Amino acid sequence: MKNKKIIPLFCVVVAVIIIIIICIFPMSAKGPQAMVLPTTSQQSMPIQKTPITTVDYNLGKGFLKTPGKVDMPYMKQGVLSIPTGKGGPYPLVVIIHGRHGIRDYEHISEAEKYYKGFTYLTQSLAKEKYAVISIDVNPEQYEVYKESIEDGAIDYGNSKNYERLISIYKAHLSGLAKAVKRETSNFKVDLKNKINLNDVTLIGHSRGGQGIDFLATSLKKEGNKSIKGMISLAPSKNLPNAPYTDVPHGFIIPEYDFDVDTLEGQISFDELKVKKGRKSWANDVFLRGANHYYFSRKLDLGFTPNVPSDNVLDKNTINRKQHETFLTNYAAEFLGIIHGKQKPKANFNANGVAPQKMYGLKVMSSMYTPKTKQIFTADKKIQVKTSDMKSKYVVESVDKKRNTAGYFKHPIETEFNLNGPNLNLLNMQWTNKKGKATLPMATKDFSKFRTVRLLIAQDSTNKINRGKDQAFTLVFTDKKGKQARIILSNNTPALSYLYGVEETSYTTEPFWLGYTPLMDVRIPLALLTNVNKSEIQSIGFEFNQTNAGSIMLREMVLQ
C-alpha cells in the first residue's frame, strides 16, 4: 500500500518540476527563449597610496626657429610628479595642453600657464608608479595674425605642422635624459635611473590631442620608437592627413564640447580604423554630459558657453570632479593595459559587452582591433527583407544636396571636408511590435571569431524616438533554421536617446544642435548556444521591444 501511495506522489512532484523548468526556460519552436544582452559597468580603480614628489621645474630659456621674422623665445618649464624614494625606472607620461587664450606672449600670466591645469593628473598617475610631466607648449599654440602685427605684435610666424611642439618636447626630454644620468639638477629632485625614456605615453588635450600624433610620427621617422601609447582628450583636427601612429590610441569625446563643436576626435578615430596596415588597437569613448574644459583646472565654462543651454542640459551635465575622476581612471587603466599590469576589460575588451557606465558615468564606446571580418556594410546596399516596418539606405553628408539622413548627425564635418564625405547608413523604422528585417550574411562561418560587433545608433532627431532609449531583438539563424535570440534592451548604451534641439534662432536654415554618434553593440558569440556558428545564414531584427522607433546601422563585423 505504501508503494502505491508513493508512486502517484512521485509523479506529481516530477510534473511540478517539469512545469517549473518550462516556466523558467520556455522553449520556442526553433530554440530557447531570447537572452538579454548583459549590462556592464567599468569600476573605478583603487586609489593608490604610493608616496610621490611633485615639483615645478624650469630648464631655462630656449629659442624656436620660426617662419616669421624673429626667432621665438620660450621657457622650458613644466610640472613633474614621480614616486618618492628608491624604485624605477618608471615609464614616462607626457601631457600636452591645448591652445587657449594668451593676451601677451611676452608676459604670460599665471592663469595662462595651462600646463599646470593637469597637475592633478600628474600626481594621480605618479601614484600608479609612472613618472609624469605636463609641459608648457604655449609657443606651439600661440598664433600671430596680420592685424596684430600691424598693431605692433612681434612676427614669430605660425607653426604649420607642429614643428614647435616637436622642438619643445625634445628639449624637455633632453633635460630629463641628463637628469637621469645625474648630469643636471634642474628638476629639483634626484632622477638618476628613475625614468625609462624608451617607454613614453603621450596625453594631449584639445589641439594637443592631434599634435601628439604628429609628434609621435616625427620621432618614429627619426628612428625613435619610444612612444608606446597615446590618449587624445577632446582633440581638434586642425590639420588634414593625420599620420595616426601605429600604437594603442585612446580617444575621449565630450558630449557637450562647444570648443571642438564638431567632435573632430570621433572623425580621427573613424579615419584611424580604416588606415591600411594598422596593427594596434584603438578605443573611443563618448562621455555623456562632459564638456571641453573641466578636464583642466586652468579652464572653465566662462571661456565659451556650453550648448545646448537649457534646463534639460543642466540635468545632464557632469561636474569638474567627475571629469577629473574619469580622466584619471581612464588614463590609469589604459597605461596598465599597455604595460601588462592588467588585462583589458569591459570598455577595453573588444570581445566583451560595451559598458553602460565607466567610473560611475554614462558612456557610449567603440573598440577597434585589426583582425576583423566585415559581414555587413551600408556601402554595399544589399537587399533587406522586411515585414511590418520600413527600411531604406540613406546618406549623411555635409553637402545638403546629397544628404538624405535628415538631421541625424554622426560627426563627419571638419574645415577640410565641407563638401563631404558621405556616410552610408541603413535606416530601419517601425511603428508596431510586429516589425521584422533580415540581412543575409556575406560570411557564414562565425566559429573562428569571438564577437559580432554592430556600429549602430538610434536616430535621436526623429520624433518617433523622442525622449526614449530604444530596444529590439537580434535573431541569428543557421543553415538548418535553428535560431538564437539576443535582446538588446533599452539599457544598451549605443541605443540611448541623446538630447538635442532644432535650432532656428540665429541661422537662415534650421539645423540640429547635438550629435548621435554611431557606437558599438558587442555580442559575445558564446551567447549563441542554439545555433551552428559555422553556418549562419542571416541576422534578423525583431522590433518587438518598443511600440515604435528608428535606428541607423553602419556596419557589422566579426572580431
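**A buried phenylalanine and its surroundings**

With a relative accessibility of 0%, F334 counts as buried, because buried means under 20% relative accessible area. This value, like the others here, was computed from a predicted model. F334 is found in helix α9, which spans residues 320-338. Which residues are in contact with F334, once its neighbours within four places in sequence are left aside? They are T201, G229, M230, I231, P248, H249, G250, W281 and F348. P344 is 10 residues from F334 in sequence, and the two C-alpha atoms are 8.7 Å apart in space.

Of its 559 residues, 54% count as buried. The secondary structure consists of nine helices and 25 strands. Among contacts between residues at least 6 apart in sequence, 78% join residues at least 24 apart. The accessible surface of the chain comes to about 25,500 Å², and carbon and sulfur atoms account for 52% of that surface.

A pair of helices comes next. Two packed helices are described by the angle between their axes and the distance between the axes. For helix α5 (residues 163-180) and helix α6 (residues 207-221), the axes come within 9 Å and cross at roughly 65°. The two helices are therefore roughly perpendicular to each other, as angles of 65 to 115 degrees count as such. The crossing of α5 past α6 is right-handed. On the α5 side, the contact is made by L165, I166, Y169 and K170; on the α6 side, G211, I212, F214, L215, S218 and L219 take part. Sorted by kind, the residues of this contact are seven nonpolar, two polar and one charged.

Finally, the backbone holds some details worth a look. Most residues other than glycine have a negative phi, and most peptide bonds are trans. Against that background, the peptide bond joining G88 and P89 is cis, with an omega of about 5°. P89 itself lies in the loop between β4 (72-83) and β5 (90-96).

K129 is not a glycine, yet has a positive phi of about 70°. This lysine sits in the loop between α2 (119-126) and β6 (131-135), and K129 counts as partly exposed at 45% relative accessibility. A346, also not a glycine, has a positive phi of about 45°. The loop that holds A346 runs between α9 and β11 (357-358). Is A346 buried or exposed? With a relative accessible area of 17%, A346 is buried, since the cut-off is under 20%.

Conventions:
Residues are numbered from 1 along each chain as its sequence is written. This is a predicted model: local features need pLDDT of at least 70, side-chain atom pairs count only at pLDDT 80 or more; totals for chains, interfaces and linings use all residues. Side-chain values use heavy atoms; hydrogens and water are left out. Helices (H or I, at least four residues) and strands (E, at least two) are DSSP runs, numbered from the N terminus. Buried means under 20% relative accessible area, exposed over 50%, partly exposed in between (1.4 Å probe, protein chains only). Contact means heavy atoms within 4.5 Å. Accessible areas come from the Shrake-Rupley method with a 1.4 Å probe; for residues, only the protein chains shown count as cover. Axes are lines fitted to C-alpha atoms, for helices over the stretch in contact, and angles run from 0 to 180 degrees between N-to-C directions. Angles under 35 degrees count as roughly parallel, over 145 as roughly antiparallel, 65 to 115 as roughly perpendicular and the rest as oblique. A crossing is left-handed if the near helix is turned anticlockwise from the far one by less than a right angle, and right-handed if clockwise. Ala, Val, Leu, Ile, Met, Phe, Trp, Tyr, Cys and Pro count as nonpolar, Asp, Glu, Lys and Arg as charged, and the others, Gly among them, as polar.
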